[in-house]
Amino acid sequence: MNLAEGYEAEAFRYLLKPLQREKLWEALDLFLVRRRRGQRYWTVETPEGQKRVAPAEIRYLESFGHTCLLYTPEACFQVKKGISEIEKELGILGLSVYRTHRSYLVNLAQVTAVGRDRAALAGGSFVPVSRAQYQGLNRAFIRLFRREG
């Protein structure tokens, strides 16, 4: 691979052979620091006050009128916003979300399987899928993983 091809592959750092262990660890540490720095957060209003959430950690949201329950691998908490407003905000942040049902919004990256009446998510949870949303969800799921694969 030449230098130009390395940039096309989004290479982070070049390591020369023979590989030196210290150089490898240094490169990995620097990559993690830069990755954390580039991570975006979404700030939401909860009954307890402002909370910061990494969008990629969101599994799904469940709507209850003008509030939602937000589920992550570590927590579940109430957000003082409606599901449509949340859907727009997460889209602006670049998170691929899909409305599986009028009351459910999923992070497509957390979906592990799509069935006719429910979608399986990472961590073993499920969300309902309405009949009207099944085909669109299935297409969005396939499109996302073709793009990432």
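In this predicted model, the largest nonpolar core comprises 17 residues, a nonpolar core being a set of buried Ala, Val, Leu, Ile, Met, Phe, Trp, Tyr and Cys residues joined through side-chain atoms within 4.5 Å, with buried denoting under 20% relative accessible area (1.4 Å probe, protein chains only). Y60, V106, L108, V111, V127 and L137 have the most contacts inside this core. At least two core residues are supplied by each of β7 (104-107), β8, β9 and α4 (134-148), where helices (H or I, at least four residues) and strands (E, at least two) are DSSP runs numbered from the N terminus. The largest share, 5 residues, comes from α4.

Leaving aside residues up to four places away in sequence, Y60 touches L69, L70, Y71, Y104, L105, V106, L121, S125 and V127 (contact: heavy atoms within 4.5 Å). A second, separate core contains 15 residues, among them W42, L61, C68 and V79.

An open sheet is formed by 3 strands in the order β8-β9-β10, with antiparallel pairing; two strands pair if DSSP finds at least two bridges between them. Because β8 (111-114) and β10 (126-128) stand at the edges, each with a single partner strand, one side of each is left without a neighbour in the sheet. From one strand to the next, the twist averages 25 degrees (axes are lines fitted to C-alpha atoms; angles run from 0 to 180 degrees between N-to-C directions). Strand β9 (residues 118-121) pairs with β10 in the antiparallel sense over 3 bridges, and A120 stands opposite F126 in β10.

Residues are numbered from 1 along each chain as its sequence is written, and side-chain values use heavy atoms, with hydrogens and water left out. Local features need pLDDT of at least 70 and side-chain atom pairs count only at pLDDT 80 or more, whereas totals for chains, interfaces and linings use all residues.

Terms used:
Buried < 20%, exposed > 50% of the residue type's maximum accessible area, 1.4 Å probe, protein only.
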